[in-house]
Amino acid sequence: MDEDRASVAERAALAGSEVAYEAFRTGIDVETKSGKTDVVTQADRDAQRRVIEVIRETHPEDAIVGEEEDELKEVPETGAAWIIDPIDGTNNFVRDTQIWATSVAAVKDGETVAAANVLPALGDKYVAGDGEATRNGERVTVSEKTDPETFAVAPTIWWGFDDRDEYARACEAVVTRFADLRRYGCAQAVLSMVASGQLEGAITNVRVNAWDSVAGVHLVRQAGGVVTDVHGDRWEPGCEGLVASNGEAHDVVLDAAQDIE
C-alpha cells in the first residue's frame, strides 16, 4: 500500500509540475495573499487541481491538505491524507528562476509514508517511499562529510519583515560555523538537496507549513539524514523550527539554529 502511495505521489507531482511548467516564463499575472512577498498565480491553483485529480483517481476518499484554495490547512492526526504544494518557491517562479518544486506527500495517522518533489525547470524528480530516496530513479543518500567546517548549510523558510534580525542571526550562525551558506528560496528544494548530499544542513526557527516541509523531511530521513525541531526533538508538523542535517554533526547544525533566537 505504501509503495502504491509513493507511485501515486510521483505521478501526481509530475502531473502538477507539467501544468505549472507550461506557465513558467510566460509573463503570468501575479497576485498577493497575506503580504507583498506572499505571492500566488493561476498556475499555483491549476497545478494543485491537477495534483488532486491524479490522487482522486486511486484514493477518492483521502483528505487533502493544500496550500491553495479551500483545502485543509492542517494535517489530520488520524486517517490517510495527502499534502500538496503546487509551486513551492512561487517567488522564484514569478522571477523566472528555475528553483521551484511541485510537492506531494502521503501520510497515514500523521506519519509520512511517501513523498515526491519534482523540480521540472531543473529536470529533477525526488521520490521516497519506505527505506530509500531517489533522484531521477537513482538512489541518493545524505552527504558523508563529518567536519562542520566543510558543510554547506541553508537558512530556509523566510522570515517576516518584523523578524529580519532573526534572518541576520541565522546567516551569522551559519557563516561562523560552516564552510558556506546557501539561500535558494524554496524549502522543498533545500530539503531535497540535503537528502541527496548537495547540502549538509538546513535551519530555521520558524514554524513551517506542512506543504513546505513534509515531503522534504521524508526524503531526508529516507536518505539517512536527521530532522528535528529547534529544541532537538523529532520534527513533525506544527513543531517550532526545523533543523535538517546529514546526521554527522547534527548537534552543531542544531546549535546554529538555536542561535537564531
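Tutor: Buried means under 20% relative accessible area, exposed over 50% and partly exposed in between, with a 1.4 Å probe and protein chains only. F151 is buried, its relative accessible area being 0%. This is a predicted model, in which local features need pLDDT of at least 70 and side-chain atom pairs count only at pLDDT 80 or more, whereas totals for chains, interfaces and linings use all residues. Residues are numbered from 1 along each chain as its sequence is written, and side-chain values use heavy atoms, with hydrogens and water left out.

Student: Which aromatic pair does F151 form?

Tutor: Rings of Phe, Tyr and Trp (its six-membered ring) pair if their centres lie within 6.5 Å; planes under 30 degrees apart count as stacked, over 60 as edge-to-face and the rest as tilted. F151 and F178 are a stacked pair, 6.0 Å centre to centre with 10° between the planes. F151 lies in the loop between β9 (138–140) and β10, and F178 in the loop between α4 and β11, so the pair links distant parts of the chain, 27 residues apart. F178 is likewise buried, with a relative accessible area of 5%.

Student: How many aromatic pairs does the rule give?

Tutor: The count comes to 5 aromatic pairs. Among them is the tilted pair of F24 and F93, at 5.4 Å centre to centre and 40° between the planes. Ring pairs also link Y21, F24, F93 and W100 into a cluster.

Student: Is helix α6 largely enclosed or open?

Tutor: Helix α6 (residues 214–222) is largely enclosed by the rest of the structure, because 8 of its 9 residues are buried. After α6 comes G224, whose phi is positive, near 100°.

Student: How are strands β5, β6 and β7 paired?

Tutor: Two strands pair if DSSP finds at least two bridges between them. Strand β5 (residues 101–108) runs antiparallel to β6 and is joined to β6 by 7 bridges; the bridge partner of S103 in β6 is N117. β6 pairs with strand β7 (residues 124–128) in the antiparallel sense over 5 bridges. The hairpin of β6 and β7 has 4 residues between the strands, and G123 in the turn has a positive phi of about 75°. In strand β6 (residues 111–119), 7 of the 9 residues are buried.

Student: Which residues touch the most other members of the largest nonpolar core?

Tutor: A nonpolar core is a set of buried Ala, Val, Leu, Ile, Met, Phe, Trp, Tyr and Cys residues joined through side-chain atoms within 4.5 Å. The largest has 42 residues, of which I83, L199, V214, V227, W235 and L242 touch the most other members. Helix α5 gives the most to this core, with 7 residues. A second, separate core of 20 residues includes I52, V54, W82 and V118.

Conventions: Helix = DSSP H or I, 4+ residues; strand = E, 2+ residues; numbered from the N terminus.
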